[in-house]
Protein chains: 2
Amino acid sequence: MNSRSLLAIDWGTSSLRGAWLDARGHVVEERAFPRGILTVSPETFPRVFQECFGDWMARPSALCLMSGMVGSQQGWQQAPYCPCPAGFDQIAANLSWVEPGRLAIVPGLRWDHAGIPGHEQLAHIPDVMRGEETQVFGALRLLGLSDAQLVLPGTHSKWVRVRQGAITSFSTWMTGEVYALLRQNSILARSMPASPADEAFHPDAFSQGIALARQQGSLLSTAFSTRTLSLFERLPSAVLPSYLSGLVIGEELRAQVFENTNSVIIIGSEALTQRYQSALSQYGVTARCVGAAATWTGLWAIAQTVFPTLTTASS
Amino acid sequence: MNSRSLLAIDWGTSSLRGAWLDARGHVVEERAFPRGILTVSPETFPRVFQECFGDWMARPSALCLMSGMVGSQQGWQQAPYCPCPAGFDQIAANLSWVEPGRLAIVPGLRWDHAGIPGHEQLAHIPDVMRGEETQVFGALRLLGLSDAQLVLPGTHSKWVRVRQGAITSFSTWMTGEVYALLRQNSILARSMPASPADEAFHPDAFSQGIALARQQGSLLSTAFSTRTLSLFERLPSAVLPSYLSGLVIGEELRAQVFENTNSVIIIGSEALTQRYQSALSQYGVTARCVGAAATWTGLWAIAQTVFPTLTTASS
């Protein structure tokens with residue numbers, strides 16, 4: 001037997017999570033810390049890592065793979081973006097090793113959108129992700145797919161296309177952030193309940209927001225209906241946050257091209273994936289949801305590519 | 001001679017402006033005060049008005065017309081929205097008199113957009129304006145037009161259609177507010193100069209933003225390019241606010257249907273009207289600009305409809 005323990009780490013902007021996986025890739029133990037990279041000064045990454053996961057790394061033959069913003073300019077060590085299309089082989093070849101053979105950072109991905117024809121600087125518009133690529137590879141492994149259209153909803157949602165096991169293109173949508181700004185900082189906030197924390201989700205109002213976004217042209221205009229529908233007492237204040245959420249997510253969905261109405265994979269927390277699943281159903285699109293396990297499975301799958309012997313015990 | 005002096009008042013959310021017009025509608029004197037309706041408690045409107053304009057109102061036969069948020073729920077006296085289509089006759093018939101024959105508030109307008117078919121509450125989506133209707137009527141009078149497509153750029157831009165002297169429809173765009181939120185409160189702010197006050201306008205970057213917004217589908221996605229173009233050093237930090245402004249205004253323009261490429265009227269401050277004029281030129285649309293004088297001319301034109309004898313002196 002030649003198995004190694006895998007320490008899988010998701011080190012993002014605001015949180016640090018880790019899992020110790022057995023030789024079959026199953027989670028043995030998980031830990032989470034409020035030590036996102038924004039809380040760590042450049043020279044203290046090794047110490048924070050040691051404090052949180054030193055005991056796991058002390059195990060014989062331990063291997064650690066990290067994904068997320070830990071590989072950014074503000075992270076532990078920069079892992080340059082890997083261009084698309086990118087599959088396991090490209091990721092494995094572009095790992096950024098902190099300790100050769102023992103501790104590595106998974107590179108983020110880059111994709112160039114078509115930009116403005118004739119503009120030298122802007123003929124292509126770069127797009128980037130860090131961490132989501134690992135979740136995508138995990139979801140593909142969990143679902144046994146090598147072709148898919150995926151969405152990772154969040155502050156900055158990602159829409160991702162996969163062909164023959166490689167991410168071929170993706171795009172970023174500031175959906176969650178724009179919702180939060182409109183909900184809390186815009187004139188629309190005056191029509192809504194004061195505390196975002198208290199609000200319940202109202203599926204009917206959400207669905208109405210999705211439907212209106214599908215009919216009309218731009219969030220810049222539809223968002224104002226949150227105010228006027230309140231002004232004319234067509235919708236009560238309590239449902240307006242759900243309605244606005246529908247308008248913003250609906251704007252994101254309207255811009256997508258669905259290649260197969262039976263194939264969108266949603267990766268994320270239960271609350272958000274359910275919201276997207278419901279929204280997609282209004283477009284006649286069926287979705288399957290994958291939760292946080294995608295990250296661990298993704299790191300496990302990458303580790304298998306790097307060290308084919310990793311899973312000797314389970315094969 | 002049967003002429004009356006007109007006191008024209010533009011009383012908005014954050015400012016109070018007034019002009020005394022002679023019997024030909026020419027401005028004799030202007031005043032401005034930092035006394036927007038947000039600074040005035042409900043019962044003190046008469047006192048604030050008296051303090052600011054009491055001497056003018058003491059003149060024989062003085063007539064005062066006010067437009068703007070002074071007619072809203074939070075204003076001096078509510079002037080119910082007048083439905084579109086609305087021309088001078090509808091406005092005149094729906095003035096909200098504070099002192100009959102002497103002091104009145106111009107009603108705002110309402111237009112119902114087509115909404116979600118089959119949804120009882122949302123089959124129509126109401127839209128509203130207060131104050132802009134007066135500027136539109138003023139611009140039409142200044143330019144001698146009775147058919148036009150107009151835009152009033154600002155925190156909440158308005159696009160307005162006029163047929164045979166009546167406003168037939170309009171729409172609201174949260175362009176200025178969304179720009180300010182993205183510029184100051186979003187992740188994009190981190191890539192840009194710290195102080196919005198210091199930034200110069202960069203026409204090339206603005207034009208690039210307009211061009212990209214015209215190519216691609218949604219501000220939720222294009223806005224993120226502000227970050228990535230900075231990350232990959234394609235655009236310097238100093239020009240990013242102008243680029244982002246182009247993206248947001250470009251999103252507004254992309255959604256418009258231009259009925260006549262030689263006819264858009266822009267009403268607003270010089271800085272904003274120039275920006276819109278430049279943006280419209282990228283769509284092959286020629287624009288004419290009208291400044292703040294539109295409000296006084298609009299109130300004068302409404303007063304003429306209410307009191308046809310008002311201009312005896314000049315006719």
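This is a predicted model: local features need pLDDT of at least 70, side-chain atom pairs count only at pLDDT 80 or more; totals for chains, interfaces and linings use all residues.
**Two chains, one axis: a walk through the model**

Let's start with a sheet. In chain A, 6 strands make an open sheet, ordered β3-β2-β1-β4-β7-β6, with mixed pairing. Which strands stand at the edges? They are β3 (27-33) and β6 (96-99) of chain A. Each has a single partner strand, so one side of each is left without a neighbour in the sheet. From one strand to the next, the twist averages 20 degrees.

Strand β1 (residues 6-11) of chain A and strand β2 (residues 16-21) of chain A run antiparallel, joined by 6 bridges. For a landmark, take Leu7(A): in β2(A), Trp20(A) stands opposite this residue.

What packs on this sheet? Helix α1 (residues 45-57) of chain A does, touching β1, β2, β3 and β4 (63-67) of chain A. The direction of α1(A) makes about 5 degrees with that of β2(A). Helix α10(A) also packs on the sheet, and touches β1, β2, β3 and β4 of chain A. Here the angle is about 125 degrees, taken between the directions of α10(A) and β1(A).

Stay with α10(A), which spans residues 293-306. There is a helix pair to look at. The axes of α3 (residues 132-143) and α10 of chain A come within 7 Å. They cross at roughly 90 degrees. That makes α3(A) roughly perpendicular to α10(A). Which residues meet there? On the α3(A) side, they include Phe137(A), Gly138(A), Arg141(A) and Leu142(A). On the α10(A) side, Trp296(A), Leu299(A) and Ile302(A) are among them. By class, the contact of α3(A) with α10(A) has 9 nonpolar, 6 polar and 1 charged residues.

Next, two backbone details in chain A. Cys84(A) and Pro85(A) are joined by a cis peptide bond, with omega about 0 degrees. Where is that proline? Pro85(A) sits in the loop between β5 (82-83) and α2 (88-93) of chain A. The second detail is Ser61(A). This residue is not a glycine, yet has a positive phi of about 60 degrees. Ser61(A) belongs to the loop between α1 and β4 of chain A.

Let's step back to domains. The assignment for chain A gives domain 1 (6-143 + 295-311) and domain 2 (173-290). Note that domain 1 is written in two segments. The centres of domain 1 and domain 2 of chain A, taken over C-alpha atoms, are separated by 31 Å. How many residues make the contact? Domain 1 of chain A gives 4 residues and domain 2 of chain A gives 4 residues. On the domain 1 side, the classes are 3 nonpolar, 1 polar and no charged residues.

Over to chain B. Its sheet has 6 strands too, open and mixed, in the order β3-β2-β1-β4-β7-β6. The edge strands are β3 (27-33) and β6 (96-99) of chain B, each pairing on one side only. Look at the β6 end. β6(B) pairs with strand β7 (residues 103-105) of chain B in the antiparallel sense, over 3 bridges. Glu99(B) has Leu103(B) in β7(B) as its bridge partner. Chain B also has a cis peptide bond between Cys84(B) and Pro85(B), with omega about 0 degrees.

So how do the chains relate? Chain B superposes on chain A by a rotation of 180 degrees, with 0.0 Å of shift along the axis and an RMSD of 0.0 Å. That is the relation of a two-fold axis. In chain B, which C-alpha is nearest the axis? That of Leu181(B), at 3.4 Å.

Last, the interface. The contact takes 41 residues from chain B and 42 residues from chain A. On the chain B side, elements that each supply at least two residues include β9 (124-129), β12 (166-173), α4 (175-185), α5 (203-215) and α8 (240-254). The largest share comes from α4(B), with 5 residues. By class, the chain B side has 20 nonpolar, 16 polar and 5 charged residues. Do the copies meet through the same surface or different ones? The same one: 100% of the interface residues of chain B are also interface residues in chain A.

Note on methods. Residues are numbered from 1 along each chain as its sequence is written. Chains are lettered from A and ligands numbered from 1 in the order in which they are written. Copies are superposed by least squares on the C-alpha atoms of residues with pLDDT of at least 70 in both. Two residues are in contact if their C-beta atoms, placed from the backbone, lie within 7 Å. Domain bounds come from an automatic or database domain assignment. Ala, Val, Leu, Ile, Met, Phe, Trp, Tyr, Cys and Pro count as nonpolar, Asp, Glu, Lys and Arg as charged, and the others, Gly among them, as polar. Helices (H or I, at least four residues) and strands (E, at least two) are DSSP runs, numbered from the N terminus. Axes are lines fitted to C-alpha atoms, for helices over the stretch in contact, and angles run from 0 to 180 degrees between N-to-C directions. Angles under 35 degrees count as roughly parallel, over 145 as roughly antiparallel, 65 to 115 as roughly perpendicular and the rest as oblique. Two strands pair if DSSP finds at least two bridges between them.
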